[in-house]
Amino acid sequence: MLVGLCQARSSHTDLKVPDFSDVRHPATLDPTTPTSEERRKLFKYMVLGSAASAGAVLAKGIVRGSVNHFAPSKSALEVASIEVETSKIPEGKSLVVTWLGKPIFIRHKTDAEIEEQKAVDVSSLRDPVPDVDRFPDLRWQVLIGVCTHLGCIPIEGKGDFGGYYCPCHGSHYDFAGRIRKGPAPKNLEVPPHRISGDLLIIG
């Protein structure tokens, strides 16, 4: 009998849902109105967005200032290239100058030296680069006087090939600065240079 009564009670559909509007906060009566939690999230997003924008502007200013600070000055750019009067270097003679803190070996080659260097089979060399690809004018040999092994300064007119000899570890270069013997892996480097009239411009 009790079971039947409970089953009859559960079948009632005329029960009203309680209305608590009188005790609810006015801000929660309209379901389309954002809640306080949603408003807090919106405020947080606005703050984060403003901070990100300000950070981007600040970072841009820092980067621009750093670039301007580390950019080479006009005076530094002026010394980045040097000029050498070719008339002061007789044929068959050499001159050593300094460019960007490095020794530069300049030689005014003779016709015999040019022909001797041309006779070498470049394909047999460790660093097979033809002279015509290294020097814009074969009469003028311009080399960075730093051994390509560990950075020592070679001695001119020494070694087994009469060019340059590195006393630190025994690398031998010929007069064209090509590595011929020893541990150096590459020829002596050639700095950017050009001939303009009576001037040799390096850099």
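Strands are DSSP runs of E with at least two residues, numbered from the N terminus. Two strands pair if DSSP finds at least two bridges between them. The model is predicted, so local features need pLDDT of at least 70 and side-chain atom pairs count only at pLDDT 80 or more, while totals for chains, interfaces and linings use all residues. Residues are numbered from 1 along each chain as its sequence is written, and side-chain values use heavy atoms, with hydrogens and water left out.

Strand 6 (residues 164–166) pairs with strand 7 (residues 171–173) over three bridges, in the antiparallel sense. Here Tyr-164 stands opposite Tyr-173 of strand 7.

The loop between strand 7 and strand 8 holds Asp-174. Asp-174 counts as buried, at 5% relative accessibility. Buried means under 20% relative accessible area, with a 1.4 Å probe and protein chains only. The side chains of Asp-174 and Arg-180 are joined by a polar contact of 2.9 Å. A polar contact is a pair of N or O atoms within 3.5 Å; within protein, one must be able to donate a hydrogen and the other to accept it, and residues adjacent in sequence count only if both atoms are side-chain atoms.

Another open sheet has three strands in the order 1-10-9, with antiparallel pairing. Strand 1 (82–85) and strand 9 (193–196) are its edge strands, each pairing on one side only. Strand 9 and strand 10 (residues 199–202) pair over four bridges. Arg-194 has Ile-201, in strand 10, as its bridge partner.

Note on methods: Buried means under 20% relative accessible area, exposed over 50%, partly exposed in between (1.4 Å probe, protein chains only).
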